[in-house]
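These are my notebook entries on one structure. I record what I looked up, entry by entry.

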Amino acid sequence: MPLTLRSILDLDVVADGDPLVLAGGDALDRIVRWVHVTEVDDVASVLGGSEVVLTTGLPLVGPTADPARFLEQLSAAGACGLVVELADLAATLPQDVVDEAERQQVPLVVLRRPVRFVSITEAVHRLIVGEQYQGLAFAQRTHEVFTALSLDIADAQTIVSAAADLIDLPVVLEDLTHRVLALAPQRRPQKSLLLDWDERSRRSPTRDEPGPWGADRWVTCRVGVRGAPWGRLVIPEAVDDPTRAALVLQRAAQALQISRLVERDTESLQFRAQESLLLDLTEGRLQDEDDGVAQARALGMPAAALYLPVAVMFESAPTTASDKISGQRRTRAHLDTVSRALREARVDGFAGGFTPGGVGVIVALGRTTPEDATLTRLAAALDRLAPGRPGSRGPVVGVGRPAPQLLVAASRMRTTVNIAQAARAMPVSDLGYFRSTDVRIRGLVAQLQDDERLLAFAESELGPLLSLAPAQQHELLDLLRAYVGLRGNKTALAHDVGISRQALYGRLRKLESMLMVDLDDSDSFISLSLALLVHDYRSTLPTPPR
């Protein structure tokens, strides 16, 4: 901790002098650089600033004393205070001296019992030198921490967390619009830290020099190249050692800028912040509703009457382990598309990559906001921004059940993703989006897509067809799919495939023989229908990495 006049007065060697503060009691926390003993009237030439001056009082009450001039010199030199030992225990300082000290804002302390000045200077200087050594050691440790993070190209959250750990204080990284990009609460309640963040942050200006540190004594530091900042680091509470805190924020800002230059992406930090919040909510790492809402508001989403989980599934190209960079670029492109669609459709919400080819969105709905109209605008914006290529469809939008609590809505995101995945195997909706009532059993298949029992069931039902050569396999699967789709109506099926009923009966007998079932049997019909749903759904999934 830096040494101040207040902490000096608490030292045993000073307390033995029975100190009494006569003036400047509200300025006892200035950082003390040194202690100087003087009995001369002209002190300006020997002070360098931030000293505590010790005297027996001659410059104030001696035969040649000019107390007003002496105190003015102390004030002009930036002295942290004047400590006077009264040689005569019955003496007191004149009231005009006390008034002048108050006017010059120079803390004035009298020692009402005699002490040895050399004992005070030795004790104080020992502490100052020790503090300087600790400061150098802390600066070296800070340098090593952020150098290592810069070499590892650490992300913003890791850098902000490291800064918070070094000073054991909460640290926030915000962008130029005061939206929170990363937060290390350091055991503080997130709700209180982020309460009315936009308003409080705007009241706290960035200070390039120590103190005063903003509306709430916040320590802040710009992030970005000179003349072109893109963010700001903030310690959103009073700080006992602003100099040490400022050092940490400055080094953290440099590490953030290095990470930024490597990424060369003006919105990636905000995307990561939104994605991190979405994952924390859906995976149960964030379990306090107030904290979740506070973080969402800090990201720019207003509090809402209802929160609606939405999943957007894009056509996914196969990804291999050696092609991770391309996969990351596609994910980023998907996020960018969804974010632009939210803005164009004037929909409040935040988004994050949730599954390969998929983006999860939490939409905020006001009390009078029509849900269907909001979804229609969002789906239309997505169609404009990401139209399907020839032979493929554009983004598929799945919608979950809304909830008045953010955490409850987020807990439904996985089911919402299953709805969107199931909808990829369905015809395009006139509404532009799908709910669970639209996908029905397909939604169940999507939820159980990796269940070994379901996969084994589909394999046992369709195995003989799936072992055929591709051309013959597709022909018979298409026939079975049409048979199921027409609910076993053979007349309609013959017309649909363009063959005579006699020829159709021959093909159906071939199917029955290969599958060893009676297609007219109701159990067989249901089983084959489900097996086809599983097969068709699995065929729409992206090829897993190898």
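Is C221 buried or exposed? I found that C221 counts as buried, because its relative accessibility is 12%; buried means under 20% relative accessible area, exposed over 50% and partly exposed in between, with a 1.4 Å probe and protein chains only.

I note that this is a predicted model, in which local features need pLDDT of at least 70, side-chain atom pairs count only at pLDDT 80 or more, and totals for chains, interfaces and linings use all residues. Residues are numbered from 1 along each chain as its sequence is written, and side-chain values use heavy atoms, with hydrogens and water left out.

I looked up C80 next: C80 counts as buried because its relative accessibility is 2%.

I then looked for disulfides. A disulfide is a covalent bond between the sulfur atoms of two cysteines. With the rule that a pair of cysteine sulfur atoms lies within 2.5 Å, I record zero disulfides.

I turned to a sheet. Four strands form an open sheet in the order β11-β12-β10-β13, with antiparallel pairing; strands (E, at least two residues) and helices (H or I, at least four) are DSSP runs numbered from the N terminus, and two strands pair if DSSP finds at least two bridges between them. The edge strands, each pairing on one side only, are β11 (349-355) and β13 (396-399).

I followed β10 (residues 306-313), which pairs with β13 in the antiparallel sense over four bridges. V312 stands opposite V397 in β13.

Last, I looked up a helix on the sheet. Helix α14 (residues 371-385) touches β10, β12 (358-365) and β13, where contact means heavy atoms within 4.5 Å.

Conventions. Axes are lines fitted to C-alpha atoms, for helices over the stretch in contact, and angles run from 0 to 180 degrees between N-to-C directions.
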